[in-house]
Amino acid sequence: QVQLVESGGGLVQPGGSLRLSCAASGRIFSLNTVGWYRQPPGKQRELVATITSRGSTNYADSVRGRFTVSRDNAKNAVYLQMNRLEPEDTAVYYCYLTVLGLWGQGTEVTVSS
């Protein structure tokens, strides 16, 4: 069974950077498109970025140019590099395997002075 483990969240000042990781067990991970979502406090979950099994990416307008999603299929891992963070980026971030319909547990990101 595929299981997702997310890490990398924490408290960071505005303008800072964080790198989130989404690691999965099993070879099936490499065949999936992976999405990064976030849910700010009191708001609905929203799509942040996606990456296909071959590495094609797309981003929400709010993060384009600041965030970069990448993957290492050999390590069964997907990453979200977040630069120039803003208070509006504060949220719980989740990874999602589209074909399996599987969510991670989420990792909390807080951007504050």
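Of the contacts in the chain with a separation of 6 or more, 53% join residues 24 or more positions apart, where contact means heavy atoms within 4.5 Å. That is a friendly place to begin with this predicted model, in which local features need pLDDT of at least 70, side-chain atom pairs count only at pLDDT 80 or more, and totals for chains, interfaces and linings use all residues. Residues are numbered from 1 along each chain as its sequence is written, and side-chain values use heavy atoms, with hydrogens and water left out.

## Overall picture

The chain holds eleven strands and zero helices; both kinds of element are DSSP runs numbered from the N terminus, helices being H or I with at least four residues and strands E with at least two. Read from the N terminus, the order of elements is β-β-β-β-β-β-β-β-β-β-β.

For 113 residues, the radius of gyration of a compact globule would be near 13 Å, and the chain, at 13 Å, agrees with that. The rule behind this takes 2.2 Å times the number of residues to the power 0.38, and the radius is computed over C-alpha atoms. Along the principal axes, the C-alpha atoms fill a box of roughly 40 × 25 × 20 Å.

The accessible surface of the chain is about 6100 Å², and carbon and sulfur atoms own 47% of that area. Such areas come from the Shrake-Rupley method with a 1.4 Å probe, and for residues only the protein chains shown count as cover. Of the 113 residues, 42% are buried; buried means under 20% relative accessible area, exposed means over 50%, and partly exposed lies in between (1.4 Å probe, protein chains only).

Strand E8 spans residues 77–82. Five of its six residues are buried, so E8 is largely enclosed by the rest of the structure.

Which strands pair with E8? Two strands count as paired if DSSP finds at least two bridges between them. Ala-77 of E8 is the bridge partner of Ala-23, and Asp-72 stands opposite Ala-77 as well.

The hairpin of E7 and E8 has four residues between the strands. Asn-76 sits in this loop, between E7 (67–72) and E8. Although Asn-76 is not a glycine, its phi is positive, at about 50 degrees. With a relative accessibility of 14%, Asn-76 counts as buried.

Glu-88 and Pro-14 are 74 residues apart in sequence, with 9.6 Å between their C-alpha atoms.

## Aromatic rings and charges

How many aromatic pairs does the structure hold? There are four. Rings of Phe, Tyr and Trp (its six-membered ring) pair if their centres lie within 6.5 Å; planes under 30 degrees apart are stacked, those over 60 edge-to-face and the rest tilted. Two of these pairs are tabulated here, including the computed geometry.

| Pair | Distance between centres | Angle between planes | Class |
|---|---|---|---|
| Tyr-37 and Trp-103 | 5.0 Å | 65 degrees | edge-to-face |
| Tyr-94 and Trp-103 | 6.3 Å | 90 degrees | edge-to-face |

Tyr-37 belongs to strand E4 (residues 34–39) and Trp-103 to strand E10 (residues 102–103), so their pair ties together parts that are 66 residues apart in sequence. Trp-103 has 33% relative accessibility and therefore counts as partly exposed, while Tyr-94, at 12%, is buried. Tyr-37, Tyr-94, Tyr-96 and Trp-103 form one aromatic cluster.

Charges meet rings here as well. Arg-45 lies over the face of Trp-103, at 4.5 Å from the ring centre. Over the ring of Tyr-79 sits the charged end of Arg-19, 3.9 Å from the centre. A charge sits over a ring if NZ of Lys or CZ of Arg is within 6 Å of the ring centre and within 35 degrees of the ring normal.
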